[in-house]
Amino acid sequence: MRGALQWLLLGLCVLAMLAATWAGGRVAERWALADLRRTARATLTIQAGALHTEMQRQSALPLALAADPEIAAVLRPDAGAGLADRVSARLAEVAGATGAAVIYVIRPDGLTVAASNAASGRSFVGNNYAFRPYFRAAVAEGSGSQFALGTVSGRPGLYLARRVGEGVGVVVVKVEFDGVEAAWREVRERVLVTDARGIVLVASDPAWRFRTLAALDAAARDRSREALEFGDAPLDPLPLHPAGDDLVRLGRGAAPAQLMLMLDAPVRDTDWRIRTLTPIAAAVERERTQGRVIALLATGLVCLGLGTLIGRRARTQARLAEEGARRIELEARVSERTRELSAANDRLREEILERARSEAERERLGRELAQAGRLAALGQFAASMAHEINQPLAAIRSYADNTGILVRRGRVDDAAENVAAIGRLVERIGGLTRQLKGFARRASGRREPVAVDEILRGSLEVVTHRAREEGTELDVRAEAGLTAIGEGARLEQVLVNLLQNALDAVAKRPGRRVELQVTGADGQVALAVRDNGPGIPESVRAQIFDAFFTTKPDGLGLGLAIARGIVEECGGTLGVEAAEGGGTVFRIVLVRAGTQTRELRGETP
């Protein structure tokens, strides 16, 4: 029974694969035809546009020549003897410049009096073209056109005619399409253009020219021959046989007919239609083969998957039966082990509770340790701030002593300046105490335009006294009138910190020098503090702004970290780099709010 079922499934799979192969070929064939139609339609649009462009390029030429007074003069009965030669020479130049095949001028009686090919062996001069429909249409209606075979040149072309003046004569421009046909042949495209009667006028295959899409009646053939349109061309039908919708079979003599996709489109401003013939046999057969192979493989894989699934299901059932017997045995063992595991679980719960208590205790100790660390840091920062306050206090003492001397000497104005400086230093001390109180809380984040000169003045009042006592040269070069975006008091704190660090760096070196340079450019204000100290090693420079990192034995490691935070809150940057010739440069870059072009040179507050 099981073997019969397997053979039945195998037969069904074979039938399914055959059906899928047939269906895949049909679907692929339809897709291939749709793709070929899209490509052929795009090619047809391009070719129709190119043909129309070629015709439009020449259509304005007869109108322009008809307005030429010299051409009108050569058509008059009293035209001078040499005028016709001059006009012919001019027409030859125009034809060469525009690409026209030939240009000629005809009198009202049909006689040609001047032509661009007058100097050639096949000159139109002296020929009568009154029988041409384009001539008669131009005389009667003002303009005319006709595609015909030349009676003299034996070459086909489109004749564009225009009446000169009030019936003085007609000017004709002949356009040939050899270049268009050559371009079609070069890209190996089968293209043909037919008139309203279905006669082929222009074709990529010269053998198709002056043949028809369908058989013409005898009357139409006679009219064409009387008008000498196509010479003695037989006007036989092309070997095209409909094969459905837009498909035709093209006969090739003894060879089998070729299945082609034929699409057509109108040529603008004419009654012509352009058609493309696209071979489809190879492309369709290729896609059909691919579709069949893909469908066959896909169906085979599905059948294989189904067979595998059925086999796996059978094996699974057998395995489940075997596992059922084992499960009964295992349940007995599990019952025995459950009692042991219950006891182990009780012990594990006790351990988990004990570990949770230990973890809570560890977290509590960690919080207390962090709080102690913060208090210690706050104490060190307070000590550092007290050191900074000592500097303005010393400066206040110096200004006060000088004020007493200046008052005794009667220099009241100088004394008043010292009193004002004392007031600013007192404000600076107040700012430092406010900074101490704000150490543990976030800054206001207020950004506003601040005068850089005020920041410099306040900062230098704090450090100038120390620099003078230590014998350190403090060189300040700054552009005046610069305004930056930030918080003035906090930026002053940053600058004081950098200047104090620079003084510390050069404290024990000969030729001690600290430079402060302020510049403004490109919408920024840059403050650079440079010292000629020993410099900062490159390995340490990357950590210099980390909190609690310091190179000083008694340092706290918070100054530069706080300074960078203040500058970034003001929208700027603070960086460090090695100075040329030794030393270190700390550079503050702020957003510029305004500037003056006047430059201070050598001015130190």
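Contact here means heavy atoms within 4.5 Å. By that criterion, among contacts in the protein chain between residues at least 6 apart in sequence, 60% join residues at least 24 apart. The model is predicted, so local features need pLDDT of at least 70 and side-chain atom pairs count only at pLDDT 80 or more, while totals for chains, interfaces and linings use all residues. Residues are numbered from 1 along each chain as its sequence is written, and side-chain values use heavy atoms, with hydrogens and water left out.

The protein chain has 12 helices and 18 strands. Helices (H or I, at least four residues) and strands (E, at least two) are DSSP runs, numbered from the N terminus. Of its 605 residues, 38% count as buried. Buried denotes under 20% relative accessible area, exposed over 50%, and partly exposed the range in between (1.4 Å probe, protein chains only). The accessible surface of the chain comes to about 34,300 Å². Carbon and sulfur atoms hold 56% of that surface. Accessible areas come from the Shrake-Rupley method with a 1.4 Å probe; for residues, only the protein chains shown count as cover.

Strand E1 (residues 102–106) is mostly covered, with 5 of its 5 residues buried. Both of its faces are covered. Val102, Tyr104 and Ile106 lie on one side, and Ile103 and Val105 on the other. E1 has two pairing partners described here. Two strands pair if DSSP finds at least two bridges between them. With strand E5 (residues 169–175), E1 pairs in the antiparallel sense over 5 bridges. Ile103 has Val173 as its bridge partner in E5. With strand E2 (residues 112–115), E1 runs antiparallel and is joined by 3 bridges. There, Tyr104 has Ala115 as its bridge partner. E1 and E2 form a hairpin with 5 residues between them. Gly110 in the turn has a positive phi of about 100°.

Strand E14 (residues 483–486) has one covered face and one uncovered face. Ala484 and Gly486 make up the covered face, Thr483 and Ile485 the uncovered one. E14 pairs with strand E12 (residues 448–451) in the antiparallel sense over 4 bridges. Ile485 of E14 is the bridge partner of Pro449.

Pocket analysis used a 1 Å grid over the protein atoms alone. A cavity is a set of points where a 1.4 Å probe fits but cannot get out; a pocket is an open set with protein on both sides within 12 Å along at least five of seven lines. Lining residues have an atom within 4 Å of a point. Grid points are joined across faces, edges and corners, and a volume is the space filled by probe spheres set on the points. The second largest pocket holds about 630 Å³ of space. Elements giving two or more residues to its lining are helix H1 (2–66), strand E3 (143–149) and strand E4 (156–164). H1 supplies the largest share, 7 residues. In total, 29 residues line the pocket. Ser145, Gln146, Leu158, Leu160 and Thr270 lie nearest its centre. By class, the lining has 14 nonpolar, 8 polar and 7 charged residues. Ala, Val, Leu, Ile, Met, Phe, Trp, Tyr, Cys and Pro count as nonpolar, Asp, Glu, Lys and Arg as charged, and the others, Gly among them, as polar.

Several loop residues were also examined. Phe210 lies in the loop between strand E7 (200–203) and helix H6 (218–226). Its phi is near 65°, a positive value in a residue other than glycine. Phe210 counts as buried, because its relative accessibility is 8%. Ser204 is found in the loop between E7 and H6. Ser204 is likewise buried, at 6% relative accessibility. Not counting residues up to four places away in sequence, Ser204 touches Glu181, Trp184, Arg185, Glu189, Arg190 and Val191.

Asp522 sits in the loop between strand E15 (513–521) and strand E16 (524–531). Asp522 is not a glycine, yet has a positive phi of about 55°. With a relative accessible area of 77%, Asp522 is exposed. Ala243 belongs to the loop between strand E8 (240–242) and strand E9 (247–252). At 34% relative accessibility, Ala243 is partly exposed. Ala243 touches Val248, Arg249 and Leu259, not counting residues up to four places away in sequence. Ala243 and Met260 are 17 residues apart in sequence and 8.9 Å apart in space, C-alpha to C-alpha.
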